[in-house]
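Me: I have a model open and would like to talk through how some of its features get their labels. Could we take them one at a time?

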Amino acid sequence: MSVGDLAKPTLLASVTVKKEFMIDHLSRRALLKGTLATSSGGVVMNWGDLFHGPASLAAESAPTKKRCILLWMNGGASQFETFDMKPGARTGGTFRPINTNVAGAQICELMPKIAQQMDKLAVIRSMRTSEVDHPGGIYLMHTGYRPTANVRFPEFGAIIAKYNGREGTNLPNFIKVFSQADAGAGFLGPKFQPFAIGPEGSLPPFSSSSQSPEVESRRHQLRTFLEETYAKEHRAETSKMHREAYEASRRLQEVRKVFDIDAEWEKHSELYGNSVFGRRCLLARRLIEEGVTFVEVSQSSYDSHADNAVWHKALVPPMEHAWAGLLVDLQQRGLLDSTLVVWMGEIGRTPNINNRAGRDHYVRSWSTALAGGGIKGGQVYGESDATGVDVKDNPVTEGDFFATIYSALGIDPKKENFAGVRPIPLAPFGSKVVSELLTS
Amino acid sequence: MAVAFLGSDRRIAAGDRDGRLLIWELPEPTDIPPIEQQTKSVGVAPVPKLSLVGHTNGISRLAITPDGKTLISASFDKTIRFWDVAASPSGFTEVVVDHELRDAEARRAGKKVSPDDKDGPGIKIETIGSTHTLEGHRDWIDAMSLSTDGRRLLTGDQSSLVIAWDVAARKELSRWNGSLWNWIVATALTGDGETAVVSEYRYKRDDFDIPCPALKRFNVADGAEQLDLLKVQFPKLDPKQNTYGSAQMWRKFIANGLVALDISPDGKLVAAVQGGETDNGQVHLLEMETGKLVRTISGHQSGATDVKFTADGKFVISAGRDTVIRICQVEDGKEVAQLGKPRGGQFKDWTSSIALSPDQRTLAATDIGGWVHVWTFG
């Protein structure tokens, strides 16, 4: 059976469970759904996926499959305390700008280590997005779409896992370390659902067996026998998902050591900085090195409605130390060119400092940064006005941002997936790729 | 923002977050317009007479030597500066001190305020420069205290470095470090400058990376630790723990840092106030000798910011984010007076520091909106 065969609906009715099981690089869930739908003659969810998803995956995938690390600043880091300083302006705040290793580009004094990695970064100072509060902003900046009642949009981690992920691996393609986003795989289905790890970066308790290997092996054989026997007579999707979940969990046992970073941490704590976020970033590098396609690493607590300066003074230094260490580490291992590192939160912060010494939510003009795979580093794109109130040049919407990310990763942002019969492009209609940020 | 009286109850200095340091000569109480007029009209409030030029970042603390002649300022620019407040002016500068009133006037007139309207023209005043600058700190200096005899100065920065200075010699006496990730947020010296209490705190680095604060007593001459006052409250406290769980042990006592300290004139008590944005910024009174909590008094909605004992040791005065200054009896913790009114809790410019005049009859307080408020007792 070839991939192209799957585009012919007449073949679907003849696909057996056994054969299907052997096609390990396709969405078995979608295939099974399609089979059932065909036999019932109705139109079902993911019908389009049968034609536009798995059937053309090989053609849609880029020749070089890049990976991605998302450094998520939960709560919304301030652009004025990171990448868009306004020294002398009444909106400027307490911190001072410092020079970077790129002539003419200055960033906040809180980021001296990132300043020395500026040649790897493309900073966007002209983000203008459309969701000003946290839940909407987190959804928007993980999916590229505003929340709606009708469509469950997938996070871009799920999309990248779909198009650039590997099949049959022991590690999931989409891993989140202490993430606050919950959109998950959306209409892409459970196959691309993220595997979530807690704030300390350790595997969840349910991921390991409490039995001895011998007992566990016998239990597995018994379970497999029972489930296969059951599956011959019951083609229920939940049963299949249950088997797949067990299989994924068992495969994970083979690579558990990648999550145990203690030994390597001793050698790298200086590079990443001695912080929990630094440990998360080291874990992200290890996962990428092991072939994971998308890793999200989050740092919490940027929602500084009060005491904005001290909050950022506490949060930014460990973050930027870890981030700079990650970039250096990826480069030294030859992984940076194939790994896109995205830095962002869900919102920016207000130009005015309120009378709680804080900054509130702001999306009219704020900053993000990209580095690594597919990105032309050493540049600042876009500009805000003198007080940071508005974008002066080259506004970048959420759609433009995600279109650019997909392009950097070799994925066509106009590709469509289907929510029912509705085609949904990866980046919203009308989004523009910011080609100036890309190497090609 | 910080404020200090300069040897009399009619002369005060105040510094702001931009590094401006100004001196006012206050008119006699009988010549001051009613407070309602001062806060509602441009140009009625007293204007500054002198600008002290030198700092390049926010002023965090001010102190005046007992003779009233030398002002000492600590700054986020990592320096400590000494100023001869009786020095002959060396130049002129133009300052704007009524941004807020200009905004209000413009709004009443229905016109949009441009930055130019706000920032100029100002008033022309004389300037002086500092006489000495102490360097050695590596980060923002957020804590400074001067012994009552004026011999010793203690400063602490956000790299967790504490430095004790010999004021007369303008030289470092000793230095020590707090815990690795902490900031030195408050210090206090006994009257003779021999003993110090230092408060360490740092806002969290992540929800699951929360450095443990500290409150310790030191011998100033050599920086030797004498007593861990926080450990007295929580014997099981492990300062190396940075987990969310360990923070629950001390959070209720510390809130978002014990951000201001003062030692009673008899040296027996230390007052420590709960700072940061917290529900109830209380004042802890602890025994200097044992670290035992004597009582917790008062409470500022949304956190406290500063604390001072009166010279007779009978009262403790605290300022807070609720824009109220509370005066409480040390003996029983009873609140005997409030200065100011709550201006809307956390949504108005909070009071950031207080100072008492040498004769204890006048109190000055700064707020983060840039105002200096002055009260006279009796």
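This is a predicted model: local features need pLDDT of at least 70, side-chain atom pairs count only at pLDDT 80 or more; totals for chains, interfaces and linings use all residues.

Me: Why are α8(A) and α14(A) called roughly parallel to each other?

Reply: Their angle is about 25°. Angles under 35 degrees count as roughly parallel, and therefore α8(A) and α14(A) get that description. As for handedness, α8(A) passes α14(A) in a right-handed crossing.

Me: Which residues of α8(A) and α14(A) meet?

Reply: Phe156(A), Ile159(A) and Ile160(A) come from α8(A), and they meet Phe402(A), Ile405(A) and Tyr406(A) of α14(A). By class, this contact has six nonpolar, no polar and no charged residues.

Me: What makes Phe156(A) and Phe402(A) an aromatic pair that is edge-to-face?

Reply: Let's set two values against their cut-offs. The distance is 5.0 Å centre to centre, and rings pair if their centres lie within 6.5 Å. The angle between the planes is 70°, and planes over 60 degrees apart count as edge-to-face. A search of the whole structure finds 20 aromatic pairs over all chains.

Me: Which parts does the pair of Phe156(A) and Phe402(A) tie together?

Reply: Phe156(A) lies in helix α8 and Phe402(A) in helix α14, both of chain A, so the pair ties together parts that are 246 residues apart in sequence.

Me: Now chain B. How do you know that β27(B) and β28(B) pair?

Reply: Count the bridges: β27(B) and β28(B), the latter spanning residues 362-367, have five of them, in the antiparallel sense. Pairing needs at least two bridges, so β27(B) and β28(B) qualify. In this pairing, Leu356(B) stands opposite Leu363(B) of β28(B). β28(B) and β29(B) likewise pair in the antiparallel sense over five bridges, with Ala364(B) opposite Val374(B) in β29(B). Their hairpin has four residues between the strands, and Gly370(B) takes a positive phi near 105° there.

Me: Why do β27 and β29 of chain B stand at the edges?

Reply: The three strands form an open sheet in the order β27-β28-β29. β27 (351-356) and β29 (372-376) of chain B each have a single partner strand, so one side of each is left without a neighbour in the sheet. Direction ignored, neighbouring strands of this sheet are turned by 20° against each other on average.

Conventions:
Residues are numbered from 1 along each chain as its sequence is written. Chains are lettered from A and ligands numbered from 1 in the order in which they are written. Side-chain values use heavy atoms; hydrogens and water are left out. Helices (H or I, at least four residues) and strands (E, at least two) are DSSP runs, numbered from the N terminus. Axes are lines fitted to C-alpha atoms, for helices over the stretch in contact, and angles run from 0 to 180 degrees between N-to-C directions. Angles under 35 degrees count as roughly parallel, over 145 as roughly antiparallel, 65 to 115 as roughly perpendicular and the rest as oblique. A crossing is left-handed if the near helix is turned anticlockwise from the far one by less than a right angle, and right-handed if clockwise. Contact means heavy atoms within 4.5 Å. Ala, Val, Leu, Ile, Met, Phe, Trp, Tyr, Cys and Pro count as nonpolar, Asp, Glu, Lys and Arg as charged, and the others, Gly among them, as polar. Rings of Phe, Tyr and Trp (its six-membered ring) pair if their centres lie within 6.5 Å; planes under 30 degrees apart count as stacked, over 60 as edge-to-face and the rest as tilted.
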